Amino acid sequence: MKADTREVTLLLVEDDDIDAASIERSFLKQRIGNSIVRAHDGIEALELLKNGAITYPFMILLDLQMPRMNGLEFLTKLREDSELHDTIVFVLTTSKSDQDIVESYHKKVAGYFVKEEAGVNFIDVVHMFESYWRVLHVPTEPRPV
């Protein structure tokens, strides 16, 4: 069953205020009305997911370089969780490290974007999300455990 794409929430896990504001502005500029909820690190993101502050369906846009719990640690916890293990996650980070890229895909991310390469073309990343949401098919409720 296809969910109404306007209902897909984006959980933005990003510690940098300027990057977060830029991402939010880009979505608004493209008139993408999906809700964006921000967490400043992996610990806060897990708390939001566990306490029901993020409603299904949702996707995650994840930075890797964060304090307290970085993106790769967050992905490990997410994939170990029986209720959250199949969450759609895209990485948007400054890291070009092959190790980070390989480890991210090993942890089943849907895509990996480098901030400086997205830079001027970040609008293309935003369009990709809009297109993804437009054709995305998700169940109306999360899969039972």
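In the predicted model, the side chains of D81 and K50 meet in a salt bridge (a side-chain nitrogen of Lys or Arg within 4 Å of a carboxyl oxygen of Asp or Glu), with an N to O distance of 2.1 Å. Because D81 lies in the loop between α3 (71-80) and β4 (88-93) and K50 in helix α2 (residues 42-50), this contact ties together parts that are 31 residues apart in sequence; helices (H or I, at least four residues) and strands (E, at least two) are DSSP runs, numbered from the N terminus. D81 counts as buried at 12% relative accessibility, whereas K50 is exposed, with a relative accessible area of 56%, where buried means under 20% relative accessible area, exposed over 50% and partly exposed in between (1.4 Å probe, protein chains only).

The structure holds 7 salt bridges, and those that share partners join E14, D19, D63 and K115 into one network. Within it, E14 pairs with K115, the closest N and O atoms lying 2.7 Å apart, and this pair links distant parts of the chain, with E14 in the loop between β1 (9-13) and α1 (17-29) and K115 in helix α5 (residues 115-118), 101 residues apart. Both E14 and K115 are buried. D19 also forms a salt bridge with K115, at 2.8 Å between the closest N and O atoms, and this pair connects helix α1 with helix α5 across 96 residues. D19 is partly exposed, with a relative accessible area of 26%, while the value for K115 is 14%.

Residues are numbered from 1 along each chain as its sequence is written, and side-chain values use heavy atoms, with hydrogens and water left out. As the model is predicted, local features need pLDDT of at least 70 and side-chain atom pairs count only at pLDDT 80 or more, whereas totals for chains, interfaces and linings use all residues.
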